[in-house]
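The sequence and the model are shown first.

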Amino acid sequence: MNAFLYGVALQWRLDIRSKSLLVTCYVVPLIFFLLMGGIFTSVMPEMKDTLIPSMIVMGVSMGAFIGLPPSLIETYGSDIKKVYKANGVPLYLGLITMAISAFVHLLMMCIIIVLLAPILFEATLPSNLPLFFMALAVYVIVSLSIGSILGLVVKNQAKLTMIAQLVFLPSIMLSGIMFPIELLPKTFGMVGKIFPASWGYKLMIDDGFQIENIWYLILVLGVAIIVCGFLLKKQESN
């Protein structure tokens, strides 16, 4: 247990020094929040009620889909994997430590948004903060599970960037955080429901922590865990 905690702490410190993670988990999401928060609340004053979950969905999606996978490629697509095997370290340990580290970084970014939004844009705080953070934790974990699949499946960094964008952009544009999903064509609305972002957004708004909003996220998480387990076993056999 001590070795595991040490591994998590070490990975967290390594991630702090990572420019890629710094950009995707802090710089870009927070700049987007500072710029778009003022625009959204000026154009649509009613968005003050949903600004916090909207900005969090964008930040978490970027960190999970664009920030985490490159770290996984660096580990499982290089000689680091051989070091794991040579020392008898389970391959899943690297994935778990990186996912936990990314979870902590994304949670810190979300806390910054929660603290600043009411001050800068008069955004409404969630009426039930414990439930809000429970919903946030669920959404972050599910998003990281999808990012883990991307990092384990794609071996090439250039391809990963393209595929990650193909997951990230529809997640943001079709989730309802930019504009009401009712304004989208029905086909786009149905496609948007494939991505966890729309479900995470509904889960985090007031009175949204209900079974009809969480079941799909749990399903996606379960499938992602099975797929990651299969991919890690395949890595061990190679």
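A residue is called buried under 20% relative accessible area, exposed over 50% and partly exposed in between, with a 1.4 Å probe and protein chains only. The model is predicted, and local features need pLDDT of at least 70, side-chain atom pairs count only at pLDDT 80 or more, while totals for chains, interfaces and linings use all residues. Residues are numbered from 1 along each chain as its sequence is written, and side-chain values use heavy atoms, with hydrogens and water left out.

## Overall architecture

Helices and strands are DSSP runs numbered from the N terminus (helices H or I, at least four residues; strands E, at least two). The protein chain has 10 helices and 0 strands. Read from the N terminus, the order of elements is α-α-α-α-α-α-α-α-α-α. The chain comprises 238 residues, of which 46% count as buried.

E122 is located in the loop between α5 and α6. Its phi is near 55 degrees, which is a positive value in a residue other than glycine. E122 counts as exposed because its relative accessibility is 58%.

A salt bridge is a side-chain nitrogen of Lys or Arg within 4 Å of a carboxyl oxygen of Asp or Glu. By this rule the count is 1 salt bridge. The side chains of K48 and E122 form a salt bridge, with an N to O distance of 3.2 Å. K48 belongs to the loop between α2 and α3 (51-76) and E122 to the loop between α5 and α6, so the pair ties together parts that are 74 residues apart in sequence. K48 has a relative accessible area of 23% and is therefore partly exposed.

The table gives their C-alpha separations.

| Pair | Separation along the chain | C-alpha to C-alpha distance |
|---|---|---|
| I113 and L51 | 62 residues | 9.5 Å |
| V153 and L232 | 79 residues | 9.9 Å |
| I177 and I52 | 125 residues | 10.0 Å |

I113 lies in helix α5, and its relative accessibility of 0% is why I113 counts as buried. I177 is located in the loop between α7 (157-173) and α8 (186-192); with a relative accessible area of 2%, I177 is buried. V153 is part of helix α6, and at 46% relative accessibility V153 counts as partly exposed.

## Cavity and pocket

Rolling a probe the size of a water molecule over the atoms shows where empty space is left. On a 1 Å grid over the protein atoms alone, a cavity is a set of points where a 1.4 Å probe fits but cannot get out, whereas a pocket is an open set with protein on both sides within 12 Å along at least five of seven lines; lining residues have an atom within 4 Å of a point. Grid points are joined across faces, edges and corners, and a volume is the space filled by probe spheres set on the points.

The volume of the largest cavity is about 50 Å³. Its lining consists of D49, I52, P53, T124, L125, P126, M204, I205 and D206. For the classes, Ala, Val, Leu, Ile, Met, Phe, Trp, Tyr, Cys and Pro count as nonpolar, Asp, Glu, Lys and Arg as charged, and the others, Gly among them, as polar.

With 6 residues, α10 gives the most to the lining of the second largest pocket. By class, this lining has 12 nonpolar, 3 polar and no charged residues.

## A nonpolar surface patch

Patches are made of residues with over 30% relative accessible area and no salt bridge, where like charges are joined within 9 Å and nonpolar side chains (Val, Leu, Ile, Met, Phe, Trp, Tyr) within 5 Å. Accessible areas come from the Shrake-Rupley method with a 1.4 Å probe, and for residues only the protein chains shown count as cover. L22, V23, V27, V28, I31 and L35 make up a nonpolar patch on the surface, and together they have about 460 Å² of accessible area. L22 lies in helix α2 (residues 19-43), and L22 counts as partly exposed at 40% relative accessibility.
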